[in-house]
Amino acid sequence: DIIPQPLLDQYLSMTDPARAQTVDTEIAKHCAYSLPGVALTLGRQNWHCLKDTYETLASDVQWKVRRTLAFSIHELAVILGDQLTAADLVPIFNGFLKDLDEVRIGVLKHLYDFLKLLHADKRREYLYQLQEFVVTDNSRNWRFRYELAEQLILILELYNPNDVYDYLRHIALTLCSDKVSEVRWISFKLVVAILQKFYANNANALGLNFINELVVRFRHCSKWVGRQAFAFICQVGMSSLCVSM
């Protein structure tokens, strides 16, 4: 009743490899780009019409097709709701996390948007996987690490102080020692956001432990760049008043 059946059949046939050879080599990419719009039009009750097509696109040999889906998976999760997301999108999301950097960046740019839609127990499963984003196919791809730091600042609200201390603190400290100054600078903001998280939740012991770690790691660093990092962290911390006097 929503979309004429011949039109829907025509759309679903865009994943047919023969169409790529005879009609347009980019046809699968166009199909992937339009999928959230088609899903929204059909409604979540008709997701079964698109599920197989989505899975076919998610395993397409062309990384551009997978990249297109990675950039929109958080939008699709909103359309489908938490139950369908957990059942059908999470396995594909997990696959994208292990894909090429060109695909992973699509997931990374909207990591917070996707994780906040998951139930708390499901979300916790991703804590140890977040550190995998620090490693990239190409170490010169510094924007990837910059994006990670930006997303982590948002993601802090999704986890409790103990989880932040056990998992996210290590990533923040690693990024603070990055070779690229842009990455280091956004990471100082991440460190201060972590301190804010601790003190806002009365986890003062965790906050003090973290401050002591910053002092040992950066204030007493043998390299000037580490000591400079400490000065910058203090500057950001003072301007945001994250710790009481």
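Residues are numbered from 1 along each chain as its sequence is written. In this predicted model, local features need pLDDT of at least 70 and side-chain atom pairs count only at pLDDT 80 or more, while totals for chains, interfaces and linings use all residues; side-chain values use heavy atoms, with hydrogens and water left out.

**Domains**

Start by colouring residues 1-118 as domain 1 and residues 137-244 as domain 2; these bounds come from an automatic or database domain assignment. The centres of the two domains, taken over C-alpha atoms, are 35 Å apart. Eleven residues of domain 1 and twelve residues of domain 2 make the contact between them; contact means heavy atoms within 4.5 Å.

**Helices α3 and α5**

Select residues 27-42 for α3 and residues 63-97 for α5. Helices are DSSP runs (H or I, at least four residues), numbered from the N terminus. The two helices pack at an angle of about 5°, and their axes lie 9 Å apart. Axes are lines fitted to C-alpha atoms, for helices over the stretch in contact, and angles run from 0 to 180 degrees between N-to-C directions. The angle therefore makes α3 roughly parallel to α5, a label for angles under 35 degrees.

Show side chains next. On α3 the contact is made by Ala28, Lys29, Ala32, Tyr33, Leu35, Pro36, Ala39 and Leu40. On α5, Lys64, Val65, Thr68, Leu69, Ser72, Leu76 and Ile79 take part. Eleven of the residues in this contact are nonpolar, two are polar and two are charged. In this division, Ala, Val, Leu, Ile, Met, Phe, Trp, Tyr, Cys and Pro count as nonpolar, Asp, Glu, Lys and Arg as charged, and the others, Gly among them, as polar.

**Helix α6**

Move to residues 101-109, helix α6. The buried residues are Asp101, Val103, Arg104, Ile105, Gly106, Val107 and Leu108. Their cover includes α5, α7 (111-115) and α9 (142-155).

Centre on Asp101, which counts as buried because its relative accessibility is 6%. Its side chain forms a polar contact of 2.8 Å with the side chain of Arg104. A polar contact is a pair of N or O atoms within 3.5 Å; within protein, one must be able to donate a hydrogen and the other to accept it, and residues adjacent in sequence count only if both atoms are side-chain atoms. Not counting residues up to four places away in sequence, Asp101 touches Thr136, Asp137, Asn138, Asn141 and Phe144.

Glu147 is buried, with a relative accessible area of 10%. Leaving aside neighbours within four places in sequence, Glu147 is in contact with Ile105, Leu108 and Lys109.

Select Asn202, in the loop between α11 (181-200) and α12 (204-219). Asn202 is exposed, at 67% relative accessibility. Most residues other than glycine have a negative phi. Asn202 is not a glycine, yet its phi is positive, about 60°.

Finish at Arg217 in helix α12, which is partly exposed with a relative accessible area of 36%. Apart from neighbours within four places in sequence, Arg217 is in contact with Leu173, Thr174 and Ser177. For a distance check, draw a line between the C-alpha atoms of Arg217 and His74: they are 143 residues apart along the chain and separated by 37 Å.

Technical notes:
Parallel < 35°, antiparallel > 145°, perpendicular 65-115°, else oblique. Buried < 20%, exposed > 50% of the residue type's maximum accessible area, 1.4 Å probe, protein only.
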